[in-house]
Amino acid sequence: MTFEEILLLSFAGLMLLFLVFRRFKANNSSKKKELKETEKERKQRSIEAIMSKDKGKNKLIDYSRYKMNTGEIVLTLIVVSVVIFSITHLFYDSIIFSSISCILSLFFLKPRAKQLRDKRQHTLMMQFKEAASSLASSLAAGQSVENAFRDTIRDLRMLFPDKDAYIIREFQVINRRVENGENVERAFDDFANRSDVEDIKNFSDVFITCKKSGGDIVEVIKRTVDVINTKVEIQNDIKVLVSQKKLEGKIITIIPFMIVAFLKYSSGDFVAPLYGFPGAGPIVMTFALCMVLLSNYISNKLMDIKM
């Protein structure tokens with residue numbers, strides 16, 4: 001058997017093990033999914049009912065899911081394929097094996113969609129923080145709840161010149177539904193459910209409870225806004241503190257690839273045994289690549305601090 005054939009067989013074996021692992025993991029998590037299935041179905045029915053009220057240009061957004069467009073899918077596949085091809089060719093020096101390895105780029109579509117979803121939710125949360133502060137100020141000035149939502153739109157347009165900003169669109173929908181006779185609590189709760197952001201949901205619960213019970217809504221909302229602002233500030237401080245460590249982690253991840261590339265292209269004869277078969281060279285390279293990827297995975301997990 002040639003070296004390429006052995007690599008192809010090894011790749012097929014790794015793919016099989018990966019699929020078996022995913023199947024095993026799916027079976028273990030099936031019970032948890034069953035427990036959450038009823039809640040997810042109820043939420044989805046609620047969201048679909050809400051979204052069916054607005055169509056076309058004003059179609060409501062389900063922030064809990066992100067559907068990548070064609071351009072984003074193609075760009076992700078191209079970038080990931082180039083990276084995979086470069087790494088596998090650097091470690092195995094086989095164009096055939098590197099080309100076949102590009103199939104792995106398909107597994108990166110779901111993580112990329114999740115990354116874009118989290119980014120959109122973070123943007124929405126930052127915008128909502130400003131909206132909540134403006135809403136609290138309007139209520140403290142003696143405005144009714146309905147008028148406070150209308151005044152908040154004017155403040156948001158000054159803060160966010162982009163007319164398509166998420167929070168502006170959502171508050172326009174809330175105001176339009178209130179004008180059509182729907183109560184503001186239901187409209188805001190629908191937005192909170194679609195946002196799938198914990199802080200917005202908590203704000204919605206506090207807002208609805210105060211509105212129905214007749215409590216001091218101004219004071220309660222001001223305190224809730226202060227809590228949200230404090231939490232956001234703490235999150236920003238954490239990001240600043242770990243940003244340097246994240247940069248160091250990326251540098252540490254890149255250095256092994258740079259060393260291998262330097263040795264390969266400057267002293268090819270010196271590292272030739274690592275690319276030859278039969279021999280332990282390809283096994284050593286595979287082990288080294290797995291260790292680099294594992295260290296990068298652990299580093300990312302350690303730096304992913306959530307509140």
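Just after helix α8, G214 takes a positive phi of about 80°. Helices here, and strands too, are DSSP runs numbered from the N terminus, with at least four residues of H or I for a helix and at least two of E for a strand. Before going on, keep in mind that this is a predicted model, where local features need pLDDT of at least 70, side-chain atom pairs count only at pLDDT 80 or more, and totals for chains, interfaces and linings use all residues. Residues are numbered from 1 along each chain as its sequence is written, and side-chain values use heavy atoms, leaving out hydrogens and water.

Let's stay with α8 for a moment. This helix has 16 residues and reaches 22 Å from its first C-alpha to its last, close to the 22 Å expected at 1.5 Å a residue. That expected span is 1.5 Å times one less than the number of residues in the helix. Which residues of α8 are buried? They are D199, I200, F203, S204, F207, I208 and C210. "Buried" means under 20% relative accessible area, "exposed" means over 50%, and "partly exposed" is in between, using a 1.4 Å probe and protein chains only. Seen down the axis of α8, the buried residues fall within an arc of 165°, so they line one face of the helix. The arc is taken from the directions that run from the helix axis to the C-beta atoms. Here's some background: an α-helix has 3.6 residues a turn, so residues three or four places apart point the same way. On the other side of α8, E198, K212 and S213 are exposed.

What do the buried residues of α8 pack against? Their partners are α4, α5, α7 and α9. Contact, by the way, means heavy atoms within 4.5 Å.

Now zoom out. The protein has eleven helices and zero strands. Of its 307 residues, 34% count as buried. If you look at contacts with a separation of 6 or more, residues 24 or more positions apart account for 66% of them.

Next comes the inside of the protein. A nonpolar core is a set of buried Ala, Val, Leu, Ile, Met, Phe, Trp, Tyr and Cys residues joined through side-chain atoms within 4.5 Å. The largest one has 38 residues, and F128, F149, I167, F203 and F207 touch the most other members. Helices α4 (109–140), α5 (145–159), α6 (166–179), α7 (184–195), α8 (198–213) and α9 (217–266) each supply at least two residues of this core, with α4 giving the most, eight residues. Leaving aside neighbours within four places in sequence, F128 is in contact with I167, F188, F191, I200, F203 and I228. There is also a second, separate core of eleven residues, which includes F97, Y275, M285 and L289.

On to the rings. The structure holds twelve aromatic pairs. Rings of Phe, Tyr and Trp (its six-membered ring) pair if their centres lie within 6.5 Å; planes under 30 degrees apart count as stacked, over 60 as edge-to-face and the rest as tilted. The rings of Y63 and Y166 have centres 5.8 Å apart and planes at 90°, so this pair is edge-to-face. Y63 lies in the loop between α1 (3–51) and α2 (70–92) while Y166 is in helix α6, so the pair ties together parts 103 residues apart in sequence. Y63 is buried at a relative accessible area of 0%, whereas Y166, at 24%, counts as partly exposed. F128 and F191 make a tilted pair, 6.3 Å centre to centre with 45° between the planes. F128 sits in helix α4 and F191 in helix α7, 63 residues apart, and both are buried. Ring pairs also link F128, F149, F171, F188, F191, F203 and F207 into a cluster.

S195 lies in helix α7 and is buried at 0% relative accessibility. Apart from neighbours within four places in sequence, S195 is in contact with Y63, Q121, L124 and I200. In helix α5 you'll find D151, buried with a relative accessible area of 15%. C102 is buried at 18%, and C210 is buried at 10%. How many disulfides are there? The count is zero, where a disulfide is a pair of cysteine sulfur atoms within 2.5 Å.
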